[in-house]
Amino acid sequence: MTDLVITRIFDAPRPMVYRAFVDPDQLAAWFGPVGWSVPLDSVSVEAKPGGHQRFTMVNDSDPSQSSAVDATFTEVIENELLVGEEDVSGIDAFPGDSMRMRIEFYDEPGDKTRIVLTQGPYSPEWESGAAEGWGSSFTKLDALLAKA
């Protein structure tokens with residue numbers, strides 16, 4: 001079991017990148033790998049300790065395939081940090097009962113933002129799929145930020 005760690009630099013200021021993770025309209029516009037969508041009416045975010053982030057990803061070509069996310073924030077520092085966890089004990093193939101996620105937001109030169117995302121624990125098989133999914137999602141986030 002291991003944690004997935006992804007570092008990514010976005011060409012946008014830190015408050016803008018942070019908002020993309022906590023604003024329902026923006027989250028629905030970019031979250032999920034290419035080929036998956038998040039219906040806006042499925043998104044609910046309360047960005048505070050004890051708050052939540054809930055939404056459902058739906059496969060664009062087969063809407064009967066979906067994946068719900070229901071995470072609880074344990075630590076929130078606006079424009080700096082989002083920490084949460086999710087009970088995944090109902091997912092038979094998943095290697096653990098709880099999924100943790102930590103996203104740190106840092107200023108980079110040129111009004112850019114570096115995030116460090118740590119998520120897990122994962123088995124090696126699940127980790128590679130999660131890394132691919134985040135990479136695809138972040139490509140969609142790049143496009144959204146470029147329009148802003």
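Predicted model: local features only at pLDDT ≥ 70, side-chain atom pairs only at ≥ 80, totals over all residues.
Trainee: What average pLDDT does the chain have?

Mentor: pLDDT is the predictor's confidence in each residue, from 0 to 100. The chain averages 93, and 98% of the residues score at least 70. Confidence is highest in α1, at 98, and lowest in α3, at a mean of 92. Helices (H or I, at least four residues) and strands (E, at least two) are DSSP runs, numbered from the N terminus.

Trainee: How many aromatic pairs are there?

Mentor: A pair of aromatic rings is described by the distance of the centres and the angle of the planes. Rings of Phe, Tyr and Trp (its six-membered ring) pair if their centres lie within 6.5 Å; planes under 30 degrees apart count as stacked, over 60 as edge-to-face and the rest as tilted. By this rule there are 10 aromatic pairs. In one of them, the ring centres of Phe21 and Phe138 are 6.5 Å apart and the planes stand at 65°, so the pair is edge-to-face. Because Phe21 lies in helix α1 (residues 14-22) and Phe138 in helix α3 (residues 124-147), the pair ties together parts that are 117 residues apart in sequence.

Trainee: Are Phe21 and Phe138 buried or exposed?

Mentor: Buried means under 20% relative accessible area, exposed over 50%, and partly exposed in between (1.4 Å probe, protein chains only). Phe21 is buried at 3%, and Phe138 is buried at 1%.

Trainee: Which parts of the chain does the pair of Phe31 and Trp134 link?

Mentor: Phe31 and Trp134 form an edge-to-face pair, with 5.4 Å from centre to centre and 85° between the planes. Phe31 sits in the loop between α2 (24-30) and β2 (36-37), and Trp134 in helix α3, 103 residues apart. Phe31 is buried, with a relative accessible area of 12%, and Trp134 is buried at 7%. Phe21, Phe31, Trp134 and Phe138 are among the residues that ring pairs link into a cluster, which also includes Phe10, Tyr18, Trp30, Phe55 and Phe105.

Trainee: Which residues have the most contacts inside the largest nonpolar core?

Mentor: A nonpolar core is a set of buried Ala, Val, Leu, Ile, Met, Phe, Trp, Tyr and Cys residues joined through side-chain atoms within 4.5 Å. The largest has 36 residues, and Phe21, Trp30, Trp134 and Phe138 have the most contacts inside it. At least two residues of this core come from each of β1 (2-10), α1, α2, β4 (52-59), β5 (66-77), β7, β8 (112-122) and α3. Contact means heavy atoms within 4.5 Å. Not counting residues up to four places away in sequence, Phe138 touches Ile6, Arg8, Phe10, Phe21, Trp30, Ile115 and Leu117.

Trainee: How many salt bridges are there?

Mentor: Side chains of opposite charge can pair when their charged atoms come close. A salt bridge is a side-chain nitrogen of Lys or Arg within 4 Å of a carboxyl oxygen of Asp or Glu. The count comes to seven. One of them joins Asp107 and Arg14 at 3.0 Å, N to O. Asp107 is in strand β7 (residues 98-108) and Arg14 in helix α1, 93 residues apart; Asp107 is exposed, at 51%. Another joins Arg114 to Glu108, with the closest N and O atoms 2.7 Å apart. Arg114 is partly exposed at 26%, as is Glu108 at 22%.

Trainee: In what sense do β5 and β6 pair?

Mentor: Two strands pair if DSSP finds at least two bridges between them. β5 and β6 pair in the antiparallel sense over six bridges, and Ile77 stands opposite Leu81 in β6. The two strands form a hairpin with three residues between them, and Asn79 in the turn has a positive phi of about 65°. β6 and β7 also run antiparallel, joined by seven bridges; Glu85 has Arg100 in β7 as its bridge partner. Five of the seven residues of β6 (residues 81-87) are buried, so this strand is largely enclosed by the rest of the structure.

Terms used: Residues numbered from 1 in each chain as written. Heavy atoms only, no water.
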